[in-house]
Structure formats: structure tokens, C-alpha cells
Amino acid sequence: PDGRPVELGTYQEMGAPRCYLRLRTKQGKQEKPMDFVPLLASAYCLAVDLKIDRETGRLTVLVERKNGDDIVWWAGEISTWGKGLKNISIGDVGDTALALAARPDVVAVCGTRAVAKNKLDALAVLLRPNALPEPRVFDYWPANKPNLAGTFTETVRDCAFAGDTLVLVGEANGKHEGLMFRDRLMVIESDLAVNDDPAWTVAGLDQGVQTRALALDLDDQGRYALAGYSCFDTCEPVGEVPVYAPGGMLVAPTASLGPLGSAWCGPHDIVWSPAGYAVVALGEQQGQTFGFKVQAVAPGVPLPLWTFFPNEKQGLQLALAVAVGPYGEVYAGGIAGDDHPAFARIGG
């Protein structure tokens with residue numbers, strides 16, 4: 001609530017991954033030793049996602065941890081910075097969590113569920129106070145090709161609440177046309193009150209031979225701003241930001257983030273700014289170099305409004321997360337050279 005950013009990250013200890021939270025000043029510094037908090041007491045842990053309630057200060061964290069010999073997702077909550085960590089839920093074996101959405105009355109863990117050999121379905125697990133977890137599994141059945149029902153693999157990469165709708169984005173992989181298996185951007189809209197048939201939007205060939213949505217935020221009109229990429233069958237990804245209205249209509253010309261060089265570059269995160277545009281965290285490969293990159297794009301504007309690169313460009317770098325303050329200041333985090341955490345404040 002006081003505007004200081006918090007990062008969730010992973011570090012290595014004794015040859016195993018560990019998770020941490022770090023509170024920084026608005027300039028990016030860690031002021032006190034107690035502002036670095038290891039999570040889960042030296043257990044195997046990989047950071048996945050973090051959400052902060054800016055009104056109450058509640059932090060909701062999503063990580064991967066071990067349950068016996070299995071790796072499962074785990075969600076926890078801290079009421080305000082400095083308080084203890086409370087367990088919310090732990091995932092089932094075979095489920096993979098890739099994103100988190102949180103509001104005071106419900107948390108959604110989003111990703112995939114293994115339902116058969118080489119078959120994944122989209123997954124959301126709703127976690128409500130004093131209630132059992134509510135898993136929702138989604139399988140794409142194209143209405144115009146009933147013979148392909150149940151043959152697609154769906155992966156949710158990000159999710160968010162839009163009023164009383166949970167919006168999930170990612171890709172559906174399968175034979176959308178012809179004999180080739182292809183990824184196609186998907187948007188799923190699921191009513192929080194009714195676990196019924198969701199609304200599906202799956203991009204067609206007109207939006208690219210292959211497309212993916214990797215990150216999601218809502219703009220100031222409640223529309224879905226997606227960060228993802230498109231490519232041909234031989235995938236050389238080009239970053240894109242399409243905007244969809246509730247119900248699944250593409251409402252603005254897609255903005256381009258340019259060639260990424262590698263699917264490893266993302267884009268990894270998107271957030272809507274009070275300045276009236278979206279800010280995207282990604283990477284850019286040039287030769288053997290991966291660069292930390294942040295770009296701003298406006299719906300309907302084909303090219304980025306601005307691009308940020310750090311002055312130091314040596315070593316492996318990558319922007320993985322982005323947040324925007326109330327005055328439009330941008331905070332971006334990720335990987336810096338020598339595998340250290342990167343933190344950048346841009347503007348504001």
C-alpha cells in the first residue's frame with residue numbers, strides 16, 4: 001500500500017532451488033536484512049507468481065515445491081509484510097500451476113492438468129475462504145469439427161478476474177486445419193458463480209499460422225490486453241499485443257513487439273498503466289545474447305510507444321515481470337548478468 005515493490009524469486013542453496021520474498025524501496029534498494037525473507041524453510045521451491053492487494057497489503061504467493069518425490073504447486077498468503085506465511089492449498093500430482101489471480105474472496109491457481117498420456121487440459125483451481133478447493137478443467141471441442149473433440153491439448157499461461165468472470169489465456173494445440181499440429185491463442189471465460197460451459201475464443205488462421213497468449217491484464221475499459229507471439233510452422237516468434245473485448249471479439253489492430261529471436265524471450269508479463277497504454281516485460285535475442293527489454297504499447301497503435309534497455313548489456317538478461325505505480329512509474333524485474341536478480345525503475 002505504501003508503493004514499495006515486492007519481488008518473488010528463486011535462488012540456489014546446497015544445489016537446490018529455494019524461494020524468497022524481497023521488499024525494495026521505490027529506488028530498488030533493500031534497506032534492512034529482514035526485508036529478504038526465505039520461504040518454506042529451505043525446502044525445494046521454485047517461484048511461480050505473486051499478487052499484492054494494494055488496499056490491504058495482502059501478498060498471495062504461488063510456488064512449486066516437493067510433496068514426497070512429487071513436485072506440486074503450493075499457494076500461501078501473508079496478511080501484510082512482516083507477518084507469517086499461511087498455507088492456502090497444495091496441488092494434486094499431475095497438475096502444473098503457471099499463474100495466479102487473487103481478490104479478497106477468491107484465489108485462482110491456473111495451469112494444466114494431465115488427463116491422459118500426452119494429453120493436458122486447461123485448469124483453474126478456485127480457492128475460497130473456508131471452502132474446499134474447486135478445480136475446473138477445460139477441454140477445447142471445436143464446434144465445426146466434432147470429429148476432433150477431445151484431441152486438443154490446452155495450456156493456461158495466465159489468468160485474471162474481470163468482475164465475476166475468470167479469464168484464462170494460453171494456447172490450444174492440435175490439428176486446427178489440415179494434418180499439422182499447431183498452437184493457437186485461446187481465451188477462456190468462466191463464470192465464478194456457475195461451473196458450467198465456459199466461453200471459448202480460439203484464434204484462427206487469419207491471426208497467424210501459430211499463435212500463443214502468454215500474459216494478460218485488463219485495460220481501463222475492462223478489455224483483455226494479451227501479450228504473446230505469432231509465427232509460422234517453423235517458429236520464429238514475433239511478439240504481439242492483441243486486445244479482446246469480453247465475449248472474444250478482437251477489438252483493435254494487433255500491436256507488434258518485433259522479432260523475439262527465441263520463444264524463451266516471452267513476452268513474460270503485461271500490465272495496464274494509468275498513462276493509457278500497456279507495458280510488457282520480455283527479452284530479445286541478438287545472436288547469442290539475450291537482452292532485458294520493456295516496451296509500452298497502445299491498443300490500435302502498430303509499433304511500441306517506447307522501449308527500455310538497461311545500459312549494461314553483458315551476459316544473459318531477461319525481463320520476467322512488470323508492475324506500474326499510481327503515477328505511471330514502471331518497475332521491472334528479471335534476470336541480470338551472472339544470473340543475479342535484475343530490478344529496473346523506469347520513469348515516474
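**Entry 1: two asparagines**

I began with N130, which sits in the loop between β10 and β11 (134–138). Strands here are DSSP runs of E with at least two residues, helices are runs of H or I with at least four, and both are numbered from the N terminus. I noted the ground rules next: this is a predicted model, where local features need pLDDT of at least 70, side-chain atom pairs count only at pLDDT 80 or more, and totals for chains, interfaces and linings use all residues. Residues are numbered from 1 along each chain as its sequence is written, and side-chain values use heavy atoms, with hydrogens and water left out.

Phi of N130 is positive, about 60°, although N130 is not a glycine. Is N130 buried or exposed? N130 is exposed, because its relative accessible area is 88%. The cut-offs are these: buried is under 20% relative accessible area, exposed is over 50%, and partly exposed is in between, with a 1.4 Å probe and protein chains only.

Then I looked up N118. N118 lies in the loop between β9 and β10 (119–127). Its phi is near 60°, a positive value in a residue other than glycine. N118 counts as exposed because its relative accessibility is 72%.

**Entry 2: a cis bond**

I checked the peptide bond from G266 to P267. That bond is cis, with omega near 5°. P267 is in the loop between β19 (250–259) and β20 (269–272).

I went to G283 in strand β21 (residues 278–286). G283 has 0% relative accessibility, so it counts as buried. What does G283 touch, not counting residues up to four places away in sequence? I listed L260, C265, G291, K293 and L318. Contact means heavy atoms within 4.5 Å. G283 and L318 are 35 residues apart along the chain, yet their C-alpha atoms are separated by 4.9 Å.

C159 came next, in strand β12 (residues 153–162). C159 is buried because its relative accessible area is 2%. Leaving out residues up to four places away in sequence, C159 touches A99, L100, A101, A108, C110, L166, V167, L168 and L216. I also looked up C159 and V187: they are 28 residues apart in sequence and 9.5 Å apart in space, C-alpha to C-alpha.

G328 is in a loop, between β24 (318–324) and β25 (330–335). G328 is buried, because its relative accessible area is 15%. Its contacts, aside from neighbours within four places in sequence, are S273 and P274.

**Entry 3: one cavity**

How many cavities of 30 Å³ or more does a search of the whole structure find? The search finds 1. On a 1 Å grid over the protein atoms alone, a cavity is a set of points where a 1.4 Å probe fits but cannot get out; a pocket is an open set with protein on both sides within 12 Å along at least five of seven lines; lining residues have an atom within 4 Å of a point. Grid points are joined across faces, edges and corners, and a volume is the space filled by probe spheres set on the points.

The largest cavity holds about 30 Å³ of space. Its lining is A225, V241, V243, A255, W272, A278, V297, A298 and P299. By class, I found 9 nonpolar residues there, no polar and no charged. Nonpolar means Ala, Val, Leu, Ile, Met, Phe, Trp, Tyr, Cys and Pro; charged means Asp, Glu, Lys and Arg; the others, Gly among them, are polar.

**Entry 4: the second largest pocket**

This pocket has a volume of about 280 Å³. It is lined by 17 residues, and E77, K86, I88, R128 and P129 lie nearest its centre. The elements giving two or more residues to this lining are β7 (85–90) and β9 (106–116). β7 gives the most, with 4 residues. The lining has 8 nonpolar, 3 polar and 6 charged residues.

**Entry 5: the whole chain**

Of its 348 residues, 50% count as buried. The C-alpha trace spans about 60 × 45 × 40 Å along its principal axes.
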